[in-house]
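Please view the sequence and the model first.

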There are 2 protein chains.
Amino acid sequence: LDGITIGGLADKIGMSKSGVFAHFGSRDDLQKATLRAYSAYFADVVLRTAIAEPRGLPRLVAIFNRWAELVSTEGKGCILISSASEFDDRPGAIRDELIYWVTAWQKELYTAIMQSIQCHHLPETIDIEQLVFELYGLILILHHDARLLRSANSLSRAKAGLKRLLASYAS
Amino acid sequence: LDGITIGGLADKIGMSKSGVFAHFGSRDDLQKATLRAYSAYFADVVLRTAIAEPRGLPRLVAIFNRWAELVSTEGKGCILISSASEFDDRPGAIRDELIYWVTAWQKELYTAIMQSIQCHHLPETIDIEQLVFELYGLILILHHDARLLRSANSLSRAKAGLKRLLASYAS
């Protein structure tokens, strides 16, 4: 996210720096707008298409698979993930905006798990936040291994991890 | 890691920029030296003390717990993790150095799991690399939630995740 500057964007889209500044205001505003735009894109790619699947486990698995494919696609990655360690120790408006979107996404996962319980696809006794935590961990290691280590099989590892995770929670 | 510059370090330790440059050479060399120094510190804190535990699961769990405590300590975090999304799309000497240390660490985890199999604490049939992947994922989400979201209970969530993970692999 730090790579996004008024000057850099002006160069890229062939506008003057003052033109970009007039549109977005400060660099903070530009970075916040980027996070908002990315989050809208993210919800569209991951959530909107998954909602076509039946409520409960089929939808939860579809969300996970689309999310996994997004973060492991070469040259894409996920701004919500890459910005996390960039801003975790930098208090301010960007960090607050990032926390807002990450928390909103964790709530969507919470909802999908809760619906799986309501559909009797997962037992009532499970700790939903713990499952969100572990699901998210699989996506983070996928993002890490696919992008840093270029591991060829990390997408299938993430999917295998989800399968084992859900089986372990179902029993 | 990108925050580490010849000028910044010179300021911090009260040396001239040319003095720091004479010692470390280029900024790339300085960042590589930082990764090497951190990895030595990391091995000391996480691995050396865990090796005092008996071979097998007790040692594997000790490694995980020390690692988990390190990455979730306020103001510390882990350079190997925070640098991963910083350099995953920037080919070059720093990325290569980072990959070297991350891979070396994954090999240590592999060894600890293999020893757990040899001690009959885990079944022979498990996919060791898959378990390394999932273990690492728990640490990444801990790093994420403890540092970005300041979740109070993420350390206990990571430890609960490990317990469930090992139980699921043991059966």
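## The area between the chains

About 3,300 Å² is buried between chain B and chain A, and carbon and sulfur atoms give 59% of this area. Three residues, Phe133(B), Leu148(B) and Arg157(B), supply 24% of the area that chain B buries against chain A, more than any other three residues. The model is a predicted one.

In terms of contacts, 38 residues of chain B touch 38 residues of chain A.

## Charged and polar pairs

There are 10 salt bridges between chain B and chain A. In one salt bridge, the side chain of Asp88(B) meets the side chain of Arg147(A), with 3.0 Å from N to O. Polar contacts across the interface of chain B and chain A involve 19 residue pairs, both residues being at pLDDT 80 or more.

## The side of chain B that touches chain A

Four helices of chain B, namely helix 5, helix 6 (93-118), helix 7 and helix 8, each give at least two residues to the side that touches chain A. Helix 7 of chain B provides the largest share of that side, with 14 residues.

Sorted by class, the side of chain B that touches chain A holds 16 nonpolar, 11 polar and 11 charged residues.

## The largest cavity

Rolling a probe the size of a water molecule over the atoms shows where empty space is left. Searching the whole structure gives two cavities of 30 Å³ or more. The largest cavity contains about 200 Å³ of space.

Its lining is made of 15 residues, and those nearest the centre of the cavity are Ile81(A), Ser85(A), Leu140(A), Ile81(B) and Ser85(B). Helix 5 (79-87) and helix 7 (128-147) of chain A, along with helix 5 (79-87) and helix 7 (128-147) of chain B, are the elements that give two or more residues to this lining. The lining of the largest cavity has seven nonpolar, six polar and two charged residues.

## The second largest cavity

The volume of the second largest cavity is about 80 Å³. Residues from chain A and chain B line this cavity, among them Glu134(A), Arg164(A), Glu134(B) and Arg164(B). Gly161(A) is also one of the lining residues.

Helix 7 and helix 8 (154-170) of chain A and helix 7 and helix 8 (154-170) of chain B each supply at least two residues of the lining of the second largest cavity. By class, this lining has four nonpolar, three polar and four charged residues.

Methods
Residues numbered from 1 in each chain as written. Chains lettered and ligands numbered in written order. Predicted model: local features only at pLDDT ≥ 70, side-chain atom pairs only at ≥ 80, totals over all residues. Heavy atoms only, no water. 1 Å grid on protein atoms, 1.4 Å probe; cavity = no way out; pocket = protein on both sides within 12 Å on 5 of 7 lines; lining within 4 Å. Points joined across faces, edges and corners; volume = space filled by probe spheres on them. Nonpolar A, V, L, I, M, F, W, Y, C, P; charged D, E, K, R; others polar. Contact = heavy atoms within 4.5 Å. Buried area = accessible area lost by both parts, 1.4 Å probe. Salt bridge = Lys/Arg side-chain N within 4 Å of Asp/Glu carboxyl O. Polar contact = N/O pair within 3.5 Å; in protein donor to acceptor, adjacent residues only side chain to side chain.
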